[in-house]
Amino acid sequence: MSGTAGKVIRCRAAVAWEPEKPLTIETIEVAPPQKGEVRLKILFNSLCRTDVYWWDVKGQNPLFPRILGHEASGIVESVGEGVTHLKPGDHALPIFTGECGECKYCKSEESNLCELLRINSDRGVMLSDGKTRFSKNGQPIYHFLGTSTFSEYTVLHAGCVAKINPAAPLDKVCVVSCGFCTGFGATVNVAKPKPNDTVAVFGLGAVGLAACEGARVSGASRIIGVDLLTSRFEQAKQFGVTEFVNPKEHNKPVQQVIAEMTDGGVDRAIECTGSIQASISAFECTHDGWGVAVLVSVPKKDVEFKTHPMKFMEGRTLKGTFYGHYKPRTDIPSVVEKYLNKELELDKFITHTVPFSEINKAFDLMLRGEGIRCLICMEE
């Protein structure tokens with residue numbers, strides 16, 4: 001790969017030219033990395049609902065043409081000036097948030113945010129010069145979440161690239177770069193259930209199932225899965241779910257249903273749907289005195305979280321988290337090591353596989369609610 005360093009690379013990319021239209025496989029140009037940047041060769045993607053959300057841009061600011069994708073794995077092709085923690089040939093995960101290592105957030109043990117590299121879904125250019133690294137016949141193509149992994153090669157800020165053990169299978173650990181850590185970390189790093197605790201997880205998509213997995217490895221005695229699709233319960237059992245509640249099947253608020261099931265409420269609740277009502281229900285279904293609820297998914301704009309102040313005064317705690325409270329460069333390598341040591345199960349998150357040329361099938365599967373994660377193999 002060193003022969004391409006410093007040169008423009010022509011490669012395939014799945015380009016979103018306009019919202020809700022199928023992606024098209026195009027031959028594009030990818031510029032070399034500038035100061036503080038890294039160019040990755042992407043080998044595997046797994047489709048995340050966030051990609052679909054920004055593809056159909058419901059309630060968002062449209063920015064097209066764009067290369068989506070952010071949950072992926074690959075190999076460093078080249079690095080820009082000043083990059084010292086990575087070198088060509090390193091196996092790595094691109095992360096949609098970053099760790100500059102210098103700001104007050106990065107230096108704090110209490111936060112995994114970053115002042116410089118915090119997620120920005122509206123920005124479609126690189127930070128260093130305000131330009132894109134992608135183009136086709138001279139036309140710029142915008143970046144997405146600073147990652148744009150639906151391209152055989154992509155350029156990222158070096159702080160958004162986590163170096164991992166080359167022994168890790170890249171087709172398995174790609175889910176670590178978003179969905180798995182977001183849900184699993186919300187449970188083990190933020191909710192922190194104790195052995196024999198009861199845990200409720202709202203939403204049984206990939207992030208919610210990762211939260212269930214966190215409860216399972218933490219030793220929870222009961223894991224209650226809450227979802228509007230009853231068909232998800234059987235699959236959720238693989239992730240430790242012991243009971244299932246579909247709010248549509250009850251004539252009372254789901255928080256009341258769960259409180260009655262658990263003698264007053266669960267010890268921990270994790271919300272992974274983005275629904276403001278689910279967020280309120282997750283908080284109100286926790287036990288007074290010690291219950292903790294953690295909000296994971298991003299709600300729609302202009303919604304309000306409404307509950308009675310007494311719910312707090314009775315000893316319940318409400319927390320929010322971003323990417324499971326993992327610092328990308330510092331913490332993600334150890335998550336991969338835990339997988340290699342068989343302390344974590346990742347394989348079961350991948351339920352479908354498609355070649356890159358058929359990437360739109362992955363979108364179709366997600367829109368139909370089939371499976372958990374669809375692996376997209378870049379090399380065919």
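**Close-up views of a predicted model**

View 1. Cys174 has a relative accessibility of 0% and so counts as buried (under 20% relative accessible area, with exposed over 50% and partly exposed in between, using a 1.4 Å probe and protein chains only). This is a predicted model, where local features need pLDDT of at least 70 and side-chain atom pairs count only at pLDDT 80 or more, while totals for chains, interfaces and linings use all residues. Residues are numbered from 1 along each chain as its sequence is written, and side-chain values use heavy atoms, leaving out hydrogens and water. The closest cysteine sulfur to that of Cys174 belongs to Cys377 and sits 9.0 Å away, too far for a bond. Cys212 isn't in a disulfide either (a pair of cysteine sulfur atoms within 2.5 Å); its nearest cysteine sulfur, in Cys272, is 7.6 Å off. Cys212 is buried too, at 0% relative accessibility. Search the whole structure and you get zero disulfides.

**View 2. The open sheet.** Six strands line up in the order S12-S11-S10-S13-S14-S15, with parallel pairing. Strands here are DSSP E runs of at least two residues, helices are H or I runs of at least four, and both are numbered from the N terminus. Two strands pair if DSSP finds at least two bridges between them. S12 and S15 (317-320) are at the edges with a single partner strand each, so one side of each has no neighbour in the sheet. S14 (residues 292-295) and S15 pair over four bridges, in the parallel sense, and Val292 stands opposite Thr317 in S15.

**View 3. Helix H6 and its buried side.** Val254, Gln255, Val257 and Ile258 are buried in H6 (residues 254-261). They cover an arc of only 160° around the axis (taken from the directions from the helix axis to the C-beta atoms), which puts them on the same side of H6. These buried residues pack against strands S10 (198-202), S11 (222-226) and S12 (243-245), plus helix H7 (276-284); contact means heavy atoms within 4.5 Å. Just after H6, Asp263 takes a positive phi of about 55°.

**View 4. Thr187 up close.** Thr187 belongs to helix H3 (residues 179-191) and is buried, at a relative accessible area of 0%. Its side chain reaches the backbone oxygen of Ala211 at 2.9 Å. Leaving aside residues up to four places away in sequence, Thr187 touches Lys192, Pro193, Ala211, Gly214, Ala215 and Ile270.

How values were computed:
Polar contact = N/O pair within 3.5 Å; in protein donor to acceptor, adjacent residues only side chain to side chain.
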